[in-house]
Amino acid sequence: MFLSAATVLISGITGLVTYRIHIALFNEEVSRQYSLTAEQVLARLDSRVNDMYKVTDYITLNPSVKNAIKAQAAGISSYDQMKLEDELDDQLYQVRLDAPEIMGLRIYDLKGNIFNLGAFAGSFQQMNPSYLAEMVHKLEGTGGEYVWNRLGPDAFLQEEQSNWILAGRLMRSVDLETYGVMLILFNTSLFESYLKDLRLNEEVAVDLFDAEGQLLYAFHNQDADPPPLTQLSLGATEIRDEHGTTHLYTKQTSDKARFTLVSKVSLAQIQNKGKLILQVAVFSAAASVLCSWFIITIISGRLLRPLASLVNAMKRVRDGQFDTRVRMETRDELGFIGERFNAMASRIDTLIHEVYERELSEKEAELKAIQAQLNPHFLYNTLSMFFWKFYMLGDEKSARLVTALSEMLQYTLEPVQRLTTLQDEMTQIDHYLQIQQARYQEALSIEISIPAELLRCQVIRLLLQPIVENVFVHAFADKRDNRRLEIRGSQQLGHETEPDMLLIEISDNGCGMDAPVIERIMEPVAHAEEERQHIGIRSVLRRIELIHGEPYGVQIESGVDEGTLVRLRLPYQIGEGIMPWNSDDREEQVR
């Protein structure tokens, strides 16, 4: 009961506060949203009016239209006039398709001739000639832009209502020569199709003014005249109390056509909808409170006792008693939670024993790893002894080979995750190639072309060694003579989407390989045994992917008995204080 009473009280207070805040913020939020809607509607209308400019530009800038009008003499016959109108109608067929809002066109040339175009062009005959003459007079001195005019009762010879709007512009050619005047009858759907989005409720009024501030189009669902434009702030919203009703006014001006849109909407109906929502929320909250009280009263006994037992068991597990188990007599969600709790406690107990045993195994493996590290150091010291032995015997060639092998061993003892320079990496390759050169003698030709400025680039340690080694293990396995190995380096300048890259190409004239073999090498492996068979090249692929990622990587181009080209795409990163790779600072070394 206490929980239900507290829920009712809190819900009532919350509802009251929410309602007051809602009323306080309502006007501000609705004003912002409605102003934004009016701005978007006016922007779409402005874009469509701009399309009308382009459509009529097609007429005025059309050389055929210009030549046809200028070629007419003053006072042409009705037959010649009708013939020219038919000819122009055929040329303006696309205009009628692009702008269905255009009902008719009337063209005045500079010689007093008049031409009517379009399906409803005869409507000009129903209009007052003096009104049309005044419209033509208003176009004098303009630069080819539209002059709009709302058709009032004085525009027609007989009193009638129309859904047309009249616009006019000078007809000027590409070379700015004025050769006529054009009057255009627009259907009010040009404005209506866009302004209808502002009809939020029954009490809405929308007025559209031209650049001169003259009313061009309006729809009113209530009898009210728009306030003068000078009384409204441009781009802002104003809330006014008129005859006991609150109204929201907005005023927006378009960018191109310079139309001014004034809209007025009643806030009373929207506020009534807000009150209805509040009432629904209050009734829903009351119903929810009653349902909650019923549920708590009926099932609290069945719910709280199993929960208390489960909480006590959790406390014992928290204190380290992982052999704790709970007995649940129900088959509902609490029973499922109890079963999962028992499984979790059993799993924790098992994991504790497994982790303890694993830690013992890891310590034992760590001791074995430390012992295993002694072997490379012992081999390094042994090679140093052989170097001095050969040196004392005068066998400098063998001593250099031992030194190369010793330095290779020392280089491999460094962590492979640490970045080095291309200089150090090529020094390592040089040691390896010295050994291979001593092995194959004249049957091996090596060409290295690395610009000196690239030797300061930072690369991953032991990145080239596996690829060069694969050349001798696989590519040259069955080749008896004329073994040729080339190593080239270059810089690839980047562009907007890609950075500068360091390109290293390793090519040979060995046995090569077909496309399936290349695909198998480049694909990620799923089994450890298969990965160990290609540990060298897969190590290069994997380390570039993990450390650098896209767009860097390895490309392989090869064919059977055509040799192999391996291209590494690496980041172009320059280190500091690195000496050139070879002592004589040459760009190429050929052995």
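**View 1. Arg258 in this predicted model is partly exposed, with a relative accessible area of 44%.** Arg258 sits in the loop between strand 9 (245–253) and strand 10 (260–266). Its phi is positive, about 60 degrees, although Arg258 is not a glycine.

**View 2. Leu176 lies in the loop that joins strand 4 (164–172) and strand 5 (178–187).** Leu176 is not a glycine, yet its phi is positive, at about 65 degrees. The relative accessibility of Leu176 is 58%. Since values over 50% count as exposed, Leu176 is classed as exposed.

**View 3. A cis peptide bond leads from Glu550 to Pro551.** The omega angle of this bond is near 5 degrees. Pro551 is placed in the loop between helix 14 (535–547) and strand 16 (553–558).

**View 4. Helix 10 (residues 422–440) and helix 11 (residues 465–475) have axes that come within 10 Å.** The two axes cross at roughly 15 degrees. Angles under 35 degrees count as roughly parallel, so helix 10 is roughly parallel to helix 11. The crossing of helix 10 with helix 11 is right-handed.

**View 5. Residues of helix 10 and helix 11 form the contact between these helices.** On helix 10, the residues in contact are Glu425, Gln428, Ile429, Tyr432, Leu433, Gln436 and Tyr440. Helix 11 contributes Gln465, Val468, Glu469 and Phe472. Sorted by class, the contact has 6 nonpolar, 3 polar and 2 charged residues.

**View 6. Confidence in the chain is highest in strand 15 and lowest in strand 18.** Strand 15 (residues 501–508) has a mean pLDDT of 94, whereas the mean for strand 18 (residues 588–590) is 35. For the chain, the mean pLDDT is 76, and 75% of the residues reach 70 or more.

**View 7. Over residues 367–375 the pLDDT stays under 50.**

Definitions and conventions
Residues are numbered from 1 along each chain as its sequence is written. This is a predicted model: local features need pLDDT of at least 70, side-chain atom pairs count only at pLDDT 80 or more; totals for chains, interfaces and linings use all residues. Side-chain values use heavy atoms; hydrogens and water are left out. pLDDT is the predictor's confidence in each residue, from 0 to 100. Helices (H or I, at least four residues) and strands (E, at least two) are DSSP runs, numbered from the N terminus. Contact means heavy atoms within 4.5 Å. Axes are lines fitted to C-alpha atoms, for helices over the stretch in contact, and angles run from 0 to 180 degrees between N-to-C directions. Angles under 35 degrees count as roughly parallel, over 145 as roughly antiparallel, 65 to 115 as roughly perpendicular and the rest as oblique. A crossing is left-handed if the near helix is turned anticlockwise from the far one by less than a right angle, and right-handed if clockwise. Ala, Val, Leu, Ile, Met, Phe, Trp, Tyr, Cys and Pro count as nonpolar, Asp, Glu, Lys and Arg as charged, and the others, Gly among them, as polar. Buried means under 20% relative accessible area, exposed over 50%, partly exposed in between (1.4 Å probe, protein chains only).
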